[in-house]
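Thanks for coming, everyone. Let me put the structure on the screen.

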Amino acid sequence: MRSKLVVGNWKMNGSRAANATLLSGIVEGIDGAKAACAVCVPAPYLFQCEQLLQGSPVAWGAQDVSCQAPGAFTGEVCAAMLADFGCRYVIVGHSERRAYHGESNELVARKAQAALAAGLTPIVCVGETLAEREEGATAAIVGAQLDAVLELIGKEAVAQIVVAYEPVWAIGTGKTATPEMAQEVHAGLRAQLRTCNAEAADGVKILYGGSMKPDNARELMAQPDIDGGLIGGAALKAADFLAIIRAA
Ligand code: PGA
């Protein structure tokens with residue numbers, strides 16, 4: 001059986017003082033938890049994570065990465081820099097990056113490839129908008145998003161990624177996909193992984209994200225193809241984040 005993974009996506013939230021409280025609360029409460037966990041924080045706070053989380057069961061990572069190698073790319077942060085600060089994970093293709101920064105499937109794939117090259121685990125986000133769901137295009141949209149990544153990274157790298165299904169209409173809205181709705185998409189994504197690499201597909205973690213909270217986490221993660229969560233709002237309170245980790 002796949003083990004569970006719970007990842008906090010802090011988005012553009014935090015301060016040194018608030019992070020210290022949140023991270024120490026998580027570390028203090030994590031004892032005995034069976035699920036793996038990580039926090040993906042704004043880049044300026046990676047050093048703080050390295051200082052406070054090293055040696056703890058809580059891994060850390062970033063929320064985006066450049067697709068480029070070091071060089072003249074003002075404002076960008078490359079994968080080697082994230083690795084330099086001890087990151088294990090980096091989120092790529094979050095719907096907020098796709099929507100507000102125009103990230104295409106192809107760019108997301110290049111970011112995933114850059115992360116892999118630096119030894120990081122990319123958390124590849126896919127998800128449909130409400131309009132796309134209503135048109136019945138969910139499978140086609142998330143399929144194309146994942147396909148672009150699989151095509152570029154190739155069969156051998158399938159085992160090294162994490163996939164996150166995040167329906168755009170469920171992010172930060174309080175509307176969660178029902179466990180059945182999410183499972184249907186997760187099963188489709190798993191089938192797609194299997195087509196690319198039959199041996200690796202059953203080991204790949206597929207997280208659900210979009211208003212996952214302590215009170216709905218258990219039934220979502222009880223679905224056979226939901227291997228954990230990518231948590232936004234509820235990851236900013238230690239008690240809620242820990243409750244989700246315990247539910248996993
Ligand atoms: P949410 O965000 O849990 O606040 O809905 C999830 C995400 O965007 O990763």
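First, the ground rules. This is a predicted model, where local features need pLDDT of at least 70, side-chain atom pairs count only at pLDDT 80 or more, and totals for chains, interfaces and linings use all residues. Residues are numbered from 1 along each chain as its sequence is written, and side-chain values use heavy atoms, with hydrogens and water left out.

Start with the ligand. It has 13 residues around it, and Lys 11, His 94, Glu 166, Gly 172 and Ser 211 are the closest. Here a residue is near if one of its heavy atoms lies within 4 Å. By class, the shell holds four nonpolar, seven polar and two charged residues. Nonpolar covers Ala, Val, Leu, Ile, Met, Phe, Trp, Tyr, Cys and Pro; charged covers Asp, Glu, Lys and Arg; the others, Gly among them, are polar.

Now the backbone. A polar backbone atom of Gly 172 sits 2.6 Å from a ligand oxygen. For Ser 211, the distance from a polar backbone atom to a ligand oxygen is 2.7 Å. For Gly 232, it is 2.9 Å. How much of the ligand does the protein bury? Alone, the ligand exposes 280 Å², and 97% of that is buried by the protein. Those areas come from the Shrake-Rupley method with a 1.4 Å probe.

Next, helix H2, residues 46-53. Leu 46, Gln 48, Cys 49, Glu 50 and Leu 53 are buried there, meaning under 20% relative accessible area; exposed is over 50%, and partly exposed is in between (1.4 Å probe, protein chains only). Helices (H or I, at least four residues) and strands (E, at least two) are DSSP runs, numbered from the N terminus. The cover over these buried residues includes helices H1 and H3 and strands S2 and S3.

On to Gln 63, in the loop between S3 and H3. Its side chain reaches the backbone oxygen of Lys 11 at 3.0 Å. A polar atom of that side chain also lies 3.1 Å from the backbone oxygen of Cys 40.

Last, salt bridges: a side-chain nitrogen of Lys or Arg within 4 Å of a carboxyl oxygen of Asp or Glu. The count is eleven. Arg 190 pairs with Asp 227, closest N and O atoms 2.8 Å apart. Arg 190 lies in helix H8 and Asp 227 in the loop between H10 and S8, so the pair ties together parts 37 residues apart in sequence. Arg 190 is buried at 1% relative accessibility. Asp 227 is buried too, at 2%.

Technical notes:
Polar contact = N/O pair within 3.5 Å; in protein donor to acceptor, adjacent residues only side chain to side chain. Contact = heavy atoms within 4.5 Å.
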